[in-house]
Amino acid sequence: MNNAVAGFSKLSKEEKINWIAKEYFSNPSEAIALLKNYWNTDEKIQKLHDEFIENTITNFYIPLGVAPNFLINDKYSAIPMAIEESSVVAAASKTAKFWSTRGGFKATVINTEKIGQVHFIYKGDISKLELFFIQTKAKFFSETESITKNMQKRGGGILDIVLKDKTNLLPNYFQLHATFETKDSMGANFINSCLEQFAKTLREEALVYELFSVTEKNIQIVMSILSNYVPNCLVRAEVSCPVEELKEKHIPNPQEFAERFVQAVQIAEVEPYRAVTHNKGIMNGIDAVVLATGNDFRAVEAGIHAYASRNGHYSSLSHAKIENGIFTFWLEIPLALGTVGGLTSLHPLVKLSLEMLENPSAKELMQVVAVAGLAQNFAALRSLTTTGIQEGHMKMHLNNIINQFEANDDERILVHKYFKKNTISHSAVVDFIENLRK
């Protein structure tokens, strides 16, 4: 394929698929059959999914699993997790069971403040701009009342607007920095609508402000957009128990385990190469729940990783300590989530996931998501500091390798039997299957 296509978005779904199959695949009919094999047999559900995005040709499946037995603030939850990586759901479930007999998880929402900014260029006397802002600030609120009235009825709205001088970073660069409370909605559309009205008010009021010169009246709006970095929209999740209660099959010496666990966390706090992998494990749990509940995991990822760098270097999101014989493991992360609006009221499996969680508020969902991240991190660190990460992971990965080689039922039984007592690696499984077939 070396030619552009005109009007692709205007083609029907069938026409899009036929064009792609013809232009990019050596066996067009096979490609078409595979794409259609993943369509939902219920036409209404398929149409719903087709309209979530543009140029839809099929559905891309990701397994939806469940991690039960999470005791969070003295209440049990079964957590839905949408993820393709083996061992993640198993690790979460194992950690949930472990801590359910040791007091469970405690979770607290610290704050729910969200942020949006109007970025603009002003060339002139800064003191006049500051005076203009003070005199105009009330209008930013009054002229967005039609946008904010419904949110205000739910207890949300615009919290504050401040003028920020950023000329030390870029010449003539300023911001209207606004904070918001959006209650149970993630609030992106609400925030962006408010910001665009702020920008309109800023531009129009500047044109008639008598103290501005002709140049100063010409404020240039660069953009108006929410920020996915929400350092004041924080949730904390933690577990703790006396060190001796950590004892189990793989933890015969709980004091030694606790000390090594704390050291592993400390390494992630100071070593960015380790911190990235450490935090990736946390995000295995977080992203899986965020995706299952119809929230934006890309926004969550971006905001959390920015938070991990807030002190000037990339560091661990979780922390651990031993004090007075008590082991404590916790994390604090920024999470901007919603349980109303967007996919939460459209996607059937998102609605099912939220119902499984007993229709949580945004704050309650923040707590569940943070706990899932902490649970994944505990599972990874427990494996790393005891048996090693590969033993459990490769056991769960074994089925993927077997499926890759399309093993039949008899071969599966023999593979599982052999690797109960032998070390699992991709090459070892491949060699075993090939030898069986000889």
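Predicted model: local features only at pLDDT ≥ 70, side-chain atom pairs only at ≥ 80, totals over all residues.
Residues are numbered from 1 along each chain as its sequence is written, and side-chain values use heavy atoms, with hydrogens and water left out.

**The chain as a whole**

- The protein chain has 16 helices and 10 strands; helices (H or I, at least four residues) and strands (E, at least two) are DSSP runs, numbered from the N terminus.
- Taken along the principal axes, the C-alpha atoms of the protein chain fill a box of roughly 90 × 70 × 40 Å.
- Of the 438 residues in the protein chain, 44% are buried; buried means under 20% relative accessible area, exposed over 50%, and partly exposed in between (1.4 Å probe, protein chains only).
- Among the contacts in the protein chain with a separation of 6 or more, 70% come from residues 24 or more positions apart; a contact means heavy atoms within 4.5 Å.

- F174 is buried, with a relative accessible area of 1%.
- Neighbours within four places in sequence aside, F174 is in contact with V118, H119, F120, Y122, I126, L129, L163, K164, D165, K166 and T167.
- K123 and F174 are 51 residues apart in sequence, and their C-alpha atoms are 10.0 Å apart in space.
- Four strands make an open sheet in the order β5-β6-β4-β7, with antiparallel pairing; two strands pair if DSSP finds at least two bridges between them.
- β5 (157–165) and β7 (220–227) stand at the edges of this sheet with a single partner strand each, so one side of each has no neighbour in the sheet.
- On average, neighbouring strands of this sheet are turned by 15° against each other, direction ignored.
- Eight bridges join β5 and β6 in the antiparallel sense, and V162 stands opposite H177 in β6.
- Helix α5 (residues 126–142) packs on the sheet and touches β4, β5 and β6, its direction making about 170° with that of β5; axes are lines fitted to C-alpha atoms, for helices over the stretch in contact, and angles run from 0 to 180 degrees between N-to-C directions.
- Helix α7 (residues 188–207) lies across β4, β5, β6 and β7, running at about 160° to β7.

**The other four-stranded sheet**

- An open sheet with antiparallel pairing has the strand order β3-β8-β10-β9.
- Its edge strands, β3 (106–109) and β9 (318–323), each pair on one side only.
- From one strand to the next, the twist averages 20°.
- β9 is joined by six bridges to strand β10 (residues 326–334), the two running antiparallel, and W330 in β10 is the bridge partner of H319.
- Helix α9 (residues 254–270) lies across β9 and β10, at about 140° to β9.

**Helix α11**

- Helix α11 (residues 297–308) has 12 residues and reaches 16 Å from its first C-alpha to its last, close to the 16 Å expected at 1.5 Å a residue; the expected span is 1.5 Å times one less than the number of residues.
- Buried residues in α11 are A299, V300, E301, G303, I304, Y307 and A308, and they pack against β8 (234–242), α10 (272–292) and β10.

**T112 in its loop**

- T112 is found in the loop between β3 and β4 (114–121), and T112 is buried, with a relative accessible area of 11%.
- Not counting residues up to four places away in sequence, T112 touches F180, E181, N232, C233, K363 and M366.
- The side chains of T112 and E181 make a polar contact (2.4 Å); a polar contact is a pair of N or O atoms within 3.5 Å, where within protein one must be able to donate a hydrogen and the other to accept it, and residues adjacent in sequence count only if both atoms are side-chain atoms.

**Nonpolar cores**

- The largest nonpolar core has 90 residues, of which F70, F198, I286, F327, F329 and L335 touch the most other members; such a core is a set of buried Ala, Val, Leu, Ile, Met, Phe, Trp, Tyr and Cys residues joined through side-chain atoms within 4.5 Å.
- Helix α13 (residues 362–384) gives the most to this core, with 11 residues.
- Another core, of 10 residues, lies apart from it and includes L398, I402, I424 and V429.
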